[in-house]
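Biologist: I have not looked at this chain before. Could you take me through how its features get their labels?

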Amino acid sequence: MPQNLILLLQAFVALLGAYFLIFWVALVLWTARDVRRRSRDVLVQILAVLLVLFFHLAGLLLYWVLRPAETLAESYERSLEEEALLQGLEERQACPNCKQQVQPDFILCPNCQTQIKRRCPACDHPLHLRWEVCPYCGQSVAPPAAEAADLAVVSAATPPDLAEAAEPATGPATPPVLVEASAAPAE
Ligand SMILES: [Zn+2]
Ligand SMILES: [Zn+2]
């Protein structure tokens with residue numbers, strides 16, 4: 001009877017040991033796979049595996065705390081999303097004059113009638129004012145006359161202060177020198 005008990009105990013211990021070993025190997029493998037999805041740094045990968053290899057569950061806990069929060073795929077996806085968002089912002093542009101939101105194919109601002117774009121003379125696509133060639137059909141477009149005209153209007157509207165400043169210069173210009181000159185040679 002005691003012989004049987006010892007055998008049973010031995011079997012139990014062996015089973016426990018095997019379970020422990022398999023569990024350990026599984027933990028190490030899982031860590032190796034997980035860290036490879038989160039970091040390209042070989043040193044970090046080796047350190048993570050060693051941590052779990054030597055400290056078992058405690059090592060795994062430490063790894064859980066210290067591992068990069070995002071997998072590489074997740075961070076790549078996030079960067080793609082951010083880029084798309086930025087592009088969307090760029091496309092949803094505002095009128096340079098009144099900051100009203102305008103559609104990308106608007107020629108004029110509907111709020112203040114500022115010219116935002118012009119049409120390609122060949123294919124009729126809306127083009128940025130600064131573009132010198134149409135990206136849709138390759139037609140070279142003359143530099144915009146509209147911008148130059150705007151500048152001329154602005155400079156023509158400014159000079160009233162200059163006119164005011166010039167006025168008082170005409171007053172005390174007549175010299176009293178002539179009287180003295182005619183009085184001196186009397187004899
Ligand atoms: Zn506007
Ligand atoms: Zn064109």
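Modeller: This is a predicted model. Its chain holds six helices and two strands, in the order α-α-α-β-β-α-α-α from the N terminus.

Biologist: Which residues of α1 and α2 make the contact?

Modeller: From α1 they include Trp-24, Leu-27 and Val-35, and from α2 Val-44, His-56 and Tyr-63. The residues of this contact divide into 12 nonpolar, three polar and one charged.

Biologist: What makes a set of residues a nonpolar core?

Modeller: Its members must be buried nonpolar residues joined through C-beta atoms within 7 Å. The largest such core has five residues: Val-35, Ala-48, Leu-51, Val-52 and Tyr-63. Four of these come from α2, the largest share.

Biologist: What is Tyr-63 in contact with, leaving aside neighbours within four places in sequence?

Modeller: Tyr-63 is in contact with Thr-31, Ala-48, Leu-51 and Val-52.

Biologist: How much of the chain counts as buried?

Modeller: Of its 187 residues, 5% do; the label needs 20 or more other C-beta atoms within 10 Å of a residue's own. As for contacts between residues at least 6 apart in sequence, 17% join residues at least 24 apart.

Terms used: Residues are numbered from 1 along each chain as its sequence is written. Chains are lettered from A and ligands numbered from 1 in the order in which they are written. This is a predicted model: local features need pLDDT of at least 70, side-chain atom pairs count only at pLDDT 80 or more; totals for chains, interfaces and linings use all residues. Two residues are in contact if their C-beta atoms, placed from the backbone, lie within 7 Å. Helices (H or I, at least four residues) and strands (E, at least two) are DSSP runs, numbered from the N terminus. Ala, Val, Leu, Ile, Met, Phe, Trp, Tyr, Cys and Pro count as nonpolar, Asp, Glu, Lys and Arg as charged, and the others, Gly among them, as polar. A residue is buried if 20 or more other C-beta atoms lie within 10 Å of its own, exposed if 12 or fewer, and partly exposed in between; C-beta atoms are placed from the backbone.
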